[in-house]
Amino acid sequence: MSPSLTSADRLYFLDWLRILAFATLVVYHVGMYYVSWDFHVKSPFAGPGLEPWMKLSEPWRMSLLFMVSGAATSYMLKGGPSLALVRRRSVHLLLPLMCGVIFVVPPQSYFEVVQKFGYAGGYLDFLRHYFSGYRGFCSDGHCLILPTWNHLWFLPYLWVYTFLSFGVVALWPAALHVTSRFIDAALRGVLLMVVPIALLLVVRLTLFERFPSTHALFGDWFNHAVYLGMFVVGAVFATSKTMWERLASMRWLALSLAATFWGVLVFIRPAKP
């Protein structure tokens, strides 16, 4: 949130949603070690037992993070974009990314090449490969990209989306307010539930097979369509004076639908993410 917000302006439920989303993210990544889905490193005891519970958050956990981030960006932009804001956001997003790529991700990549490629060298030897951009760890025509941001991909994506929003607001200061008024008028009643579901379904049917998830930033069009879309939704909803109340009034219906379709996803047509 912007430091200029007063306690009366701040929407504390968004803070709690962000905490929930990151807590779910941590638990989910721990779970990836134990399920049968592909991951960087796998437990020898991995199996399908946890997969139905992983599917509880798999469809929405990252979308929620991007929506909350879009809302926070909207509050930051209340005073308009500025060079100070650009510098601050770059420090807050790119410095953790750089530190992660240098210090946090290499151990994960090391254990990955040991397990998947039978690498027999020590960690210091691996670091020379990691920082030199070595492309010799290959399987089935796909080579491990080094260095890498792995699970930190959220940061560069958010940085790009943030600066796209800065650019739009700089060129069209009323963009969020105009879009918010349109959304307020268009999404009422059942349409608030039906229209987003329909749009996400269209994106899934048209882009998912053509552009499978890579988290590589460039060419990751399915993920951009979903996550940039959710970022914009958060920014526009945060500008609205009524949208949060409308969403709150539909929360139990939304929860019921989510539980129903989780059951369909898991027990009727199970699928890997």
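Q: At what angle do helix α3 and helix α6 pack, and how far apart are their axes?
A: In this predicted model, α3 (residues 61–76) and α6 (residues 154–171) pack at about 35 degrees, with axes 11 Å apart. Axes are lines fitted to C-alpha atoms over the stretch in contact, and angles run from 0 to 180 degrees between N-to-C directions. Residues are numbered from 1 along each chain as its sequence is written. Local features need pLDDT of at least 70 and side-chain atom pairs 80 or more, while totals for chains, interfaces and linings use all residues; side-chain values use heavy atoms, without hydrogens and water.

Q: Why is the crossing of α3 and α6 called right-handed?
A: α3 passes α6 in a right-handed crossing, which means the near helix is turned clockwise from the far one by less than a right angle.

Q: Which residues make the contact of α3 with α6?
A: On α3 they are M62, L65, F66, S69 and T73, and on α6 F154, Y157, L158, Y161, T162, S165 and F166. Contact means heavy atoms within 4.5 Å.

Q: How many residues in that contact are nonpolar, polar or charged?
A: Eight are nonpolar, four polar and none charged. F66 and Y161 are among those in the contact, and Phe and Tyr count as nonpolar, along with Ala, Val, Leu, Ile, Met, Trp, Cys and Pro. Asp, Glu, Lys and Arg are charged, and the rest, Gly among them, polar.

Q: What makes the peptide bond from L146 to P147 stand out?
A: That bond is cis, with omega near -10 degrees. Most peptide bonds are trans. P147 sits in the loop between β2 (142–143) and α6.

Q: What about phi of D140?
A: Phi is near 55 degrees, a positive value in a non-glycine residue. Most residues other than glycine have a negative phi. D140 is in the loop between β1 (138–139) and β2.

Key: Helix = DSSP H or I, 4+ residues; strand = E, 2+ residues; numbered from the N terminus.
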